[in-house]
Amino acid sequence: AVTFTGITVSYGSYSNYKTYCDDTKAYVNYNPAGGTTSCTREAVTKGTNYTVCSSVPTKTGYTFQGWLSNETTPQTYQPNATISNVQNDIVLTAQWTATTYTITYNGVKTGAENTNPTSYTVEDLPINLVAATHDQWRFDGWTDDNAGNADITTIPAGTTGNQSFTAHWTQRYAVTWYEESTPTVTYFDPGATLTFPADPSAPASCSEKKFVGWMVGTITGET
């Protein structure tokens, strides 16, 4: 390593130019790799041990794993660790892993299908939330429990921390169709137009009859 200690110049000439190298020192440099650190470049006397900076760097959405050295045999050092017998300049680069956060979904009806993820990292963002589905209930949207129950459709980039969302529903109307005493149930939304199924064919036992329509009400016998 070379240390530039300065230049001394007499006015009007360079006759008193002075420079020299200090090869007794090595330097440890810190690269936060996108994070923030208060650790700064430090000089260390060659052949001595060096104690790694005690401050833990930070990076939003990530967990610090240690400082990776650029030594001939790279080592990962934690804060306050000892680097033995320093002989050359060293660069310590912060190592990060994306922090995993949970996503909780409240109000999801029994039997509903919800394919949204239950965890995320900042590297997954943004995440577009999809609608939950249920035959008997119309899904009306998600609200954000952490943001005053505001409507939410996307977890935006830059979000961190555990998330909690609530599903909202409107109950659908159930219609039961009886054909030869065999029930078939369909569901439709309030305000929607009910579409009748195709006219059934008369069974062989009463082939002389024809279908004349659907009866509304409770079925107590054959129709």
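Two strands count as paired if DSSP finds at least two bridges between them, and strands themselves are DSSP runs (E, at least two residues), numbered from the N terminus, with helices being H or I runs of at least four. Okay, with that in hand, here's our chain. It's a predicted model, where local features need pLDDT of at least 70, side-chain atom pairs count only at pLDDT 80 or more, and totals for chains, interfaces and linings use all residues. Residues are numbered from 1 along each chain as its sequence is written, and side-chain values use heavy atoms, leaving out hydrogens and water.

So what's in there? The protein chain has 16 strands and 0 helices. Of its 223 residues, 25% count as buried, meaning under 20% relative accessible area with a 1.4 Å probe, protein chains only.

Now the sheet. Five strands make an open sheet, ordered S2-S1-S7-S4-S5, with mixed pairing. S2 (42-45) and S5 (76-77) sit at the edges with a single partner strand each, so one side of each has no neighbour in the sheet. S4, residues 62-69, runs antiparallel to S5, and 2 bridges join them. Leucine 68 stands opposite threonine 76 in S5.

Last stop, serine 164. You'll find it in strand S14, residues 163-171. Is serine 164 buried or exposed? Buried, because its relative accessibility is 15%. Its side chain makes polar contacts (N or O pairs within 3.5 Å, one able to donate a hydrogen and the other to accept it; residues adjacent in sequence count only if both atoms are side-chain atoms). One goes to the side chain of asparagine 106 at 3.1 Å, and another to the side chain of aspartate 145 at 2.6 Å.

Terms used:
Buried means under 20% relative accessible area, exposed over 50%, partly exposed in between (1.4 Å probe, protein chains only).
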